[in-house]
Each structure stands twice: as structure tokens, then as C-alpha cells.
Amino acid sequence: MQTRKIKILWTDDEIDLLRPHIIFLEEKGFDVKTANNGDTAIELTKTEDFDIVFLDEYMPGLSGLDVLDIIKRYKPDLPIVMITKNEEENIMEQAIGSKIADYLIKPVNPKQILLTIKKNIDTKRLVSEKTLSGYQIEFGKIGLSINDARSFSDWVEIYKKLVYWELELGENNEPGMDEVLKMQKADANNGFSRFIKKNYLKWFDGAERPMISPNLFKERVFPMLEKGEQVFFILIDNLRFDQWKVLQPLIADYFSIESEELYCSILPTATQYSRNAIFAGLMPLQIDKQFPGLWLNDEEEGGKNLNEAELFENQLSRLNKKVKFFYEKVTNYKTGEKLVENYKDLLNNQLNILVYNYIDMLSHARTDIEMIRELANDEAAYRSVSVSWFKHSPLFALIKELQQHKVKIIITTDHGTVRVTNALKVIGDRNTTTNLRYKNGKSLNYNPNEVFEIKQPEKAHLPKSNLSTSYIFATNYDFLAYPNNYNHYVSYYKNTFQHGGISLEEMVIPFIILKPNQ
């Protein structure tokens, strides 16, 4: 199949003198259109699709910089190369500030022009082809890894590779391979779900297990404090690994990674269970037994995460740790801004625990608000909205301030979230939990082949409100729907981001230690 010619617009008030350059480019297979003034160039870029524009700086009427500014308003991604006789620094700065693709000084020769085209057009193609080729090679290797995975660390490596290629293919706009990757992610989640079903309960019966929620402070944070390090423990609710990877480049200007680890959220992968387990340093059943006043079961009224600071104090006391700490839950912009304004006060504590609920609120808002659903209509858009929030958030402002001090920052989460697409019917009584990815209750009716069932919750160190309570967990991209008003329910929740069940996105989550750049 014949490929489309690269289309060039060359604008210069002395365009006739450049005829040899035009002929050279046409002989090289390029489609070249010309304009001898800025107004014509603007009209052409509005009516035709060009791959690159060469623009003379000094022309009668609109200058090159004027034309550049106008074109960039409606075609911000169109590469524009400025050509000028003037080497003055202010002209160069103006052009660079307007996001030019390149800057050439007259007189230019044909080879310079060709090199500029290669750099700005062919580079994108070559990078895209290399990415595509790279994933095609990796596809088979990842498939073998999925079949051979036997441990949690195996699944960590598989998930890291899948996220890497998801970001690479997304950045290079490869829709065909994107579909292939989605299928491979689905295969991986199927395999991971089988792995969890087979091994999760064994982890609490003496088998070797990965790092899980209640061990984070004991095995990761407290050793840092014992070395005398000052730590900011920042928990961003619902932060998936792919979201961390798109936030990482923003943070890299201020903090570098000391360690990047993926740990395992406990089940249910829901805030009430996983976050309380983190701060208590205990599994939910132990919290319920030791601190019944601080634990509410799913069917009980009241907030389920209102006692995190007290649970953490109990963990310190139980482990005989003497740590001066500060705890704050940031649920709105004003609270986050106040922390930044008074951040120097936080430097009086060896440990500062900050919980940010924005991404969790975003996932809920995406379910309930049509506009947010459209803004974050898939994983790539969901990541993009997360980046937009972070760029303008008080959290990012705080991180910038902390770079000036000898502190370590931990960025982590309590669980991830997954986009659900397939409904499963479940029947329960009025006390059954409403979460879409897990249910617990005493009268659950479901297909046991479709879920991970735990009929004896104590084996998973989970509390139960009566003797016959059992838990079931959705896997992969399933969600649990009631038969009542089933079609409406399925239509409303399909393609929303949910948590509580079993998937790589929900359970394999980041624990990042950062150190300030010098």
C-alpha cells in the first residue's frame, strides 16, 4: 500500500527565489505548497492538513511570529519551523516561547531543510514504529510469563511490563495494538485472579506471602524512623500504579526515587478494610476484636475511616515506638492549601501522615456525574485527569516546598481501582453490602464459579456480623448487580471505576520512597 506523502507548507515573501529548494524536496517525494504572505499561510493551514510548516520571520504585513501565534491557536500540535536572518536573542526567545519545532538562520541549504523534516516528522514515525515493534516482540514473552507466573513477585513484573506498554502505546497513538494489549491485560487478570483464589488464604496459614497492608509501617516505615529519618507518609486513596507512573515525571524535578515497590492490598480492596489495616498494623478481624469501638461493620451506620489516627497511636503503643507524628486527612482544596501555608510547622514532627482523597472522589464523581464520566471515559483519560489535578494541587505545591529540606517522602495508597464491564447477578438480603466488587452477608445467592468466595471469613482475618456471614469477590472486570431493575443498574455502572475486588489494578499497588534532589 502506498503511504501518504508528507505535506509541507513553505511561507516566504521571496518564495520564487526558493524554487530550487522546493524542487529538491519534491524530488525527495514531499508534497510542497507555498505561500508568499502570512494571511495566505493562515488560510491554507485552516483548509488543509500539513505535516510541517516553514515560516519566514520577516514578511510584509503579518510577521512570522504573528502567523505562528495565530496558527498555534487552532493547530497547537502542528510543527512550525521559523526561518530568519535575525540572530537576536529576543527573537529566538519569542519563537521558542511560542513552541516552534525548530529555528533556522538564513541562508538555509536543502540538506538543512531535509534534516529538519526528518527530525520533526520522521522521528515521530520511527519512535512509533519502534514502540510497535518492541511490543510485538514483548507480546510473546509476556504471554509466556502469564502462563508461568507462580508467585506474587512474578505478577508484579508482569503488571509493570503491561503498564509500561500501555503508556508507551497510548503516547504513540497505536489503536490497533492498544486493543491487543487490552486483551493481554484481560488474560493477565484472569491468571492473577486464579493465583489469588489459590493462594490468598494460604498466606494467613503459614505460607510465604508478599508485603500486605498491615505490614507497611512495621516493615517499611518504622525502620526509616529508627535511622533518624524524617518522613512524610502521603497516602493517595485509589492511586493505581499507572497513575503513579504519569505523576512521576512531574515529581522528578524535585525528588528522585530511592525505591519503587509494588505491594499487595488485602481483600476487600476497599478503604474501610485496607486503609484501617495500614494504620492499625492489624487485619480487620483483629481490629474488630481488639478495638470494637473503632471498627464498624459494613451494615452499621457511620463513617468507616474516622479513627485512623487513633488506630495508628495504638500501633505505636503496641510496638513500643516513640514517634512524634501528625495526621491529617485532606478532603478539600482549603485543607490542602492550609497545610502548604503552614508546612514548616510539620517539620517539627518526625512523621507526618497525610491522606489525600481526591482520586477516590474522582472515581465516585465519574460514576455519578455525566460530565466527569465524559472527561475520564477510559484509562488514558482517567490518568490525564489525575495528572491535571496533581499539577494544580496543594499536594504538588507541598512537595515542591519539601524539596528544600532533608525529608523523605513516601507516596502510596490503600488500594487501586478497575474499570468494570461485565455484570454478574447476586441476590442478598437488605443487610448485604452495596459495594459492586465485593459482598458480605448471610443470605447470598450467586454462581460460585464466577466469584472468589470465602465462607469462613476468619480464615482471611475478616470480621463477620453473624455466624453465617460469608464474603464474595468479583474478579477481572466483573461487577455484582442485583436482579431488581437489573438492566438500568448494569447500564449505569458499566465502564465505571470500582474497587473492592480482585484485579492487578486493585491489588498490586505502589509504595514509593522519594529523596530530595540536591
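What follows is a walk through this predicted model, from the whole chain down to single residues. Residues are numbered from 1 along each chain as its sequence is written, and side-chain values use heavy atoms, with hydrogens and water left out. Because the model is predicted, local features need pLDDT of at least 70 and side-chain atom pairs count only at pLDDT 80 or more, while totals for chains, interfaces and linings use all residues.

Let's start with the whole chain. The protein chain has 20 helices and 18 strands; these are DSSP runs numbered from the N terminus, with helices being H or I of at least four residues and strands being E of at least two. Taken along the principal axes, the C-alpha atoms fill a box of roughly 90 × 55 × 40 Å. Of the 518 residues, 53% count as buried (buried means under 20% relative accessible area, exposed over 50%, and partly exposed in between, with a 1.4 Å probe and protein chains only). Look at the contacts in the protein chain with a separation of 6 or more, and 75% of them come from residues 24 or more positions apart. Contact here means heavy atoms within 4.5 Å.

Now for some helix packing. Two packed helices are described by the angle between their axes and the distance between the axes. The axes are lines fitted to C-alpha atoms, for helices over the stretch in contact, and angles run from 0 to 180 degrees between N-to-C directions. Take helix α8 (residues 216-226) and helix α12 (residues 308-318): they pack at an angle of about 75°, with axes 12 Å apart. That makes α8 roughly perpendicular to α12 (65 to 115 degrees counts as roughly perpendicular, under 35 as roughly parallel, over 145 as roughly antiparallel, and the rest as oblique). On the α8 side, F217, K218 and F222 make the contact, and on the α12 side F312, Q315 and L316 do. Sorted by class, the residues of this contact are four nonpolar, one polar and one charged. The classes work like this: Ala, Val, Leu, Ile, Met, Phe, Trp, Tyr, Cys and Pro are nonpolar, Asp, Glu, Lys and Arg are charged, and the others, Gly among them, are polar.

Helix α12 also packs against α10. Their axes come within 7 Å and cross at roughly 35°. R275, N276, I278, F279 and A280 of α10 meet E308, L311, F312, Q315 and R318 of α12. That contact has five nonpolar, two polar and three charged residues.

Where is there empty space inside? Rolling a probe the size of a water molecule over the atoms shows where empty space is left. A search of the whole structure finds one cavity of 30 Å³ or more, and about 40 Å³ of space lies in the largest cavity. In practice, a cavity is a set of points on a 1 Å grid over the protein atoms alone where a 1.4 Å probe fits but cannot get out, and lining residues have an atom within 4 Å of a point. Grid points are joined across faces, edges and corners, and the volume is the space filled by probe spheres set on the points. The lining is made of Y273, N297, D298, E299, N440, P463, K464, S465, T469 and Y471; by class, that is three nonpolar, four polar and three charged residues.

On to the backbone. Most residues other than glycine have a negative phi, and most peptide bonds are trans. The peptide bond from K106 to P107 is cis, with omega near -5°, and P107 sits in the loop between β5 (102-105) and α5 (110-148). The bond from L267 to P268 is cis too, with omega near -10°; P268 lies in the loop between β7 (255-264) and α10 (271-280).

Two asparagines are worth a look as well. N238, in the loop between β6 (231-236) and α9 (241-251), has a positive phi of about 75°. N485, in the loop between β16 (478-481) and α19 (486-493), has a positive phi of about 50°. Are they buried or exposed? N238 is buried, with a relative accessible area of 0%, whereas N485 is exposed at 56%.

Finally, here is a link across the sequence. L167 is in helix α6 (residues 152-171), and its C-alpha atom is separated by 8.7 Å from that of K245, 78 residues apart along the chain. Not counting residues up to four places away in sequence, L167 touches K245, V246 and R383.

Technical notes. On a 1 Å grid over the protein atoms alone, a cavity is a set of points where a 1.4 Å probe fits but cannot get out, and a pocket is an open set with protein on both sides within 12 Å along at least five of seven lines; lining residues have an atom within 4 Å of a point.
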